[in-house]
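I opened the model today with two things to look up. Pocket first, then a helix pair.

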Amino acid sequence: MSLQHLKVSFFLAIRGLSRGSRGSLYLSILIIAMVFTNMIFMSSIIMGVIKNSERSIIEYQTGNILVGTKDNEQYIEDVSSLLDKLNRIPGVIRASAHYSMGATLKNEGNRIGGTVTAVRPDDERMVTGTWKKMKEGDYLSDGETGEVIIGIQTAGHKDKNEDMGASLGYVRTGDPVTIEYTNGVTREYRVKGIFETRSYQADMDVFVTWNEMESVLGHPIDDSTGLIIKTSPDLPEAQVKQTILRFGVQEKVKTWQDLLEEAFGRAIQSFSIINSVTVIVSLVIAIVVLFIVIMIKTLNSRRQIGVLKAIGVEKSIIINNYLFQVLLLTTAGTILGVCIVEGMVGLLTLYPIQFPDGDVTPYASASDLITNTILLFIAAAIAGYIPAWRVASEDIMTAMRA
């Protein structure tokens, strides 16, 4: 088709939209905007949930990289040498050793099983952000003994209805807590602080100092059940992982992405399916709405189409006229939809959606906007072409008698 024919089709499309019902025009644009918003908003909420989970895992549980024990081994041995090696590796900001032991916690008739983790607080502050999330009291200090910090899920809430599992009832800073370790040692601790990260798993943790765990075991500890590493934000975790392996580290080394894939891979796939279904349903709605709009337009203009064909206007020009109308409606609707999405993202950034695992803000990437815009235009072209082709294919006399 020549450029002249396209100009004629575009002129007819502008005339058709300007001379049609303004109410129908605005309603069609609004519907397309809502379809676009639905396509983007649902996926942005899902991505927001995923991003929030990722941040929580990195910030409060695994760091950027986790070093675990070798197969069939319970502990990482000679951990002090390993820490020295890791802290010299380019891209590693700091490595922190953990030593976890099963235990039973008791307080005023409440008794729960759990795990107590020993940390070196100065190292831990450089790797995780738990120390910044103290709901009350203070974080641990290197070398101190006889004190413990407890996550809010283990400590319990004042309102028992907020508890999402077994807890110690309602433990406060300064309260005594008895811990029975699996090695037979029983200790009574003063609760130095309660932390709340808004990550359910992290808020079940219980921490003591490395010195305290050595006291419980009765000997110095140079073993670890795992090390967590904070890496430079300028380097991909996968690159730092490869560097660590090249430095001869024999233990299992996993990035947070590896751990997330293992733990939540199926859940992420489910989210992706939900997102895909939402996009498909939105596209079907767009196709149906635009099909109906263009079908009504073409049926009401059958006589006019017959006149155009009678004076020699080509069928392709008539079809493209309606295609241009659909694309113009879609363009206006997409622009309005982008404004709505950006407004909602801005509003929910200021007032996040509260989930059990933290506050969630929508996450809409540029690639999602571009992809969904392209899909919407393809759907619009399909919806506009079919009714226009059907009416334009009628013979002149049939169209004139309509």
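**Entry 1: the pocket**

I started with the make-up of the lining of the largest pocket: twelve nonpolar, 16 polar and two charged residues. I keep in mind that this is a predicted model. I then looked up the volume of the largest pocket, which is about 620 Å³. Its lining has 30 residues. I noted those closest to the centre: Ser-100, Thr-115, Thr-117, Gln-201 and Asp-205.

The most comes from β3, with five residues.

**Entry 2: the helix pair**

Helix α2 (residues 22–62) and helix α10 (residues 315–350) have axes that come within 7 Å and cross at roughly 45°. I therefore logged α2 as oblique to α10. The crossing of the two is right-handed.

I then checked which residues meet. On the α2 side I listed several, including Leu-25, Ile-29, Ala-33, Phe-36, Ile-40 and Ile-45. The α10 side includes Leu-329, Gly-333, Leu-336, Ile-340, Met-344 and Leu-348.

Technical notes. Residues are numbered from 1 along each chain as its sequence is written. This is a predicted model: local features need pLDDT of at least 70, side-chain atom pairs count only at pLDDT 80 or more; totals for chains, interfaces and linings use all residues. Side-chain values use heavy atoms; hydrogens and water are left out. Axes are lines fitted to C-alpha atoms, for helices over the stretch in contact, and angles run from 0 to 180 degrees between N-to-C directions. Helices (H or I, at least four residues) and strands (E, at least two) are DSSP runs, numbered from the N terminus. Angles under 35 degrees count as roughly parallel, over 145 as roughly antiparallel, 65 to 115 as roughly perpendicular and the rest as oblique. A crossing is left-handed if the near helix is turned anticlockwise from the far one by less than a right angle, and right-handed if clockwise. Contact means heavy atoms within 4.5 Å. On a 1 Å grid over the protein atoms alone, a cavity is a set of points where a 1.4 Å probe fits but cannot get out, and a pocket is an open set with protein on both sides within 12 Å along at least five of seven lines; lining residues have an atom within 4 Å of a point. Grid points are joined across faces, edges and corners, and a volume is the space filled by probe spheres set on the points. Ala, Val, Leu, Ile, Met, Phe, Trp, Tyr, Cys and Pro count as nonpolar, Asp, Glu, Lys and Arg as charged, and the others, Gly among them, as polar.
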